[in-house]
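Trainee: Could you help me learn to read a protein structure, one feature after another?
Mentor: Gladly! Have a look at it first, and then ask away.

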Amino acid sequence: MITHFSQLQLQTVSIRGVKQFYHEQLHFPVVYESDHEILLQPAEYFTLSFKEAAEPLAPAHFAFEVPYSDFNNVVDWLQRTGNVTLLKWPNGRIIDDFETGLNVYFRDGDGNLLEIIAHNYITEGILPPSGELKILYLREIGFPVDSVADFRSLLVDLFNFSLAKVYDNFTFAIGGTAHAVIASKQRKWIPIAMTALPPAMNVSFGISSLDFIEKVKTNLTAKGIPYESNEHAQLHFQFNEYSFCLGLTDFPDKAPALLNLPYSRLG
Ligand SMILES: [Fe+2]
């Protein structure tokens, strides 16, 4: 099974700008840095990478999960110490209090739409909260697509993902802690009605066993999707506008169930 998002690689027009925002303001540790690339570690099992690109960028949307009990302190820290401007809903509110949790949104220097989200049903103490933002894992990555129905059934067929909030223009496709937010390009991102353009991104998933890689290879072949695999037991492929990588990691594979995630609960 897919256990989590292990890396998100995005493009940037300024490595130095990325460092100022993510390292100096948000205090994400820098793992690697060159003139063309920077790698940050917001959570124990997740790295965020930016490569310099001399071309126009489409902003991405991604969301970090934090413990529910820390949410208000994290939001306070973001505003006071991080100097981050939180985005407003049309009625002026900043914190959204939805049925199962709380969230806030903000943007980085490239215009990527970031979210801090906390759910009241998640068991705390399973994964270590990292840094000042107490990040547990990367919960969401947004995938703007032409056909939500086609993309979600592809993710189900390839990865055995579960689906939630299944609508014509929006769906969550879920594997472990990873939630792919599949949104129609016609549906704008909340809370600022940001046009959903497909960003150039490479999404890496952690998997729980090498058997799973073999299953995905079979599924890719059945769909006629070419792939490459390497000696590190990683699998690379591309569909729609997006690049994907699957690889074995040391993420605890029981964590999604222990966290009490609705689609990972032990039956
Ligand atoms: Fe989101």
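Trainee: Is E228 buried or exposed?
Mentor: The idea is to look at the relative accessible area, where over 50% counts as exposed. E228 has 59%, so this residue is exposed. Keep in mind that we are reading a predicted model.

Trainee: Where does E228 sit, and which residues is E228 in contact with?
Mentor: E228 belongs to strand β14, residues 227–229. Setting aside neighbours within four places in sequence, E228 is in contact with Q234, L235 and H236.

Trainee: How do I read a helix, then?
Mentor: Start with a general point. An α-helix has 3.6 residues a turn, so residues three or four places apart point the same way. Now try helix α2, residues 71–80, in which F71, V74, V75, W77 and L78 are buried. Seen down the axis of α2, these buried residues fall within an arc of 160°, so they line one face of the helix.

Trainee: What is on the other side of α2?
Mentor: There you find N72, N73 and R80, which are exposed. The buried residues of α2, for their part, pack against α1 (15–25), β7 and β8 (113–119).

Trainee: Which residues are buried in α3?
Mentor: They are V148, F151, R152, L154, L155, L158 and F159. Viewed down the axis of α3, the buried residues fall within an arc of 155°, so they too line one face of their helix. As for length, α3 covers residues 148–159, which makes 12 residues. From first C-alpha to last, α3 reaches 16 Å, close to the 16 Å expected at 1.5 Å a residue. Just after α3 comes N160, with a positive phi of about 60°.

Trainee: Are H61 and E140 buried or exposed?
Mentor: Under 20% counts as buried. H61 has 4% relative accessibility, so H61 is buried. E140 is buried as well, with a relative accessible area of 6%.

Trainee: What does the side chain of E115 make a polar contact with?
Mentor: One partner is the side chain of N103, at 2.8 Å. N103 lies in strand β7, residues 101–107, and is buried, with a relative accessible area of 4%. Another polar contact, of 3.1 Å, joins the side chains of N103 and Y105. Not counting residues up to four places away in sequence, N103 touches several others, including F71, I94, D96 and I117.

Trainee: How many helices and strands are in the chain?
Mentor: Five helices and 16 strands. For the overall picture, compare the radius of gyration with a rule: a compact globule of 267 residues would have one near 18 Å, and the chain's 18 Å agrees. Buried residues make up 52% of the chain's 267 residues.

Technical notes. Residues are numbered from 1 along each chain as its sequence is written. This is a predicted model: local features need pLDDT of at least 70, side-chain atom pairs count only at pLDDT 80 or more; totals for chains, interfaces and linings use all residues. Side-chain values use heavy atoms; hydrogens and water are left out. Buried means under 20% relative accessible area, exposed over 50%, partly exposed in between (1.4 Å probe, protein chains only). Helices (H or I, at least four residues) and strands (E, at least two) are DSSP runs, numbered from the N terminus. A polar contact is a pair of N or O atoms within 3.5 Å; within protein, one must be able to donate a hydrogen and the other to accept it, and residues adjacent in sequence count only if both atoms are side-chain atoms. Contact means heavy atoms within 4.5 Å. The expected span of a helix is 1.5 Å times one less than its number of residues. The arc is that of the directions from the helix axis to the C-beta atoms. The radius of gyration is taken over C-alpha atoms; the globule rule is 2.2 Å times the number of residues to the power 0.38.
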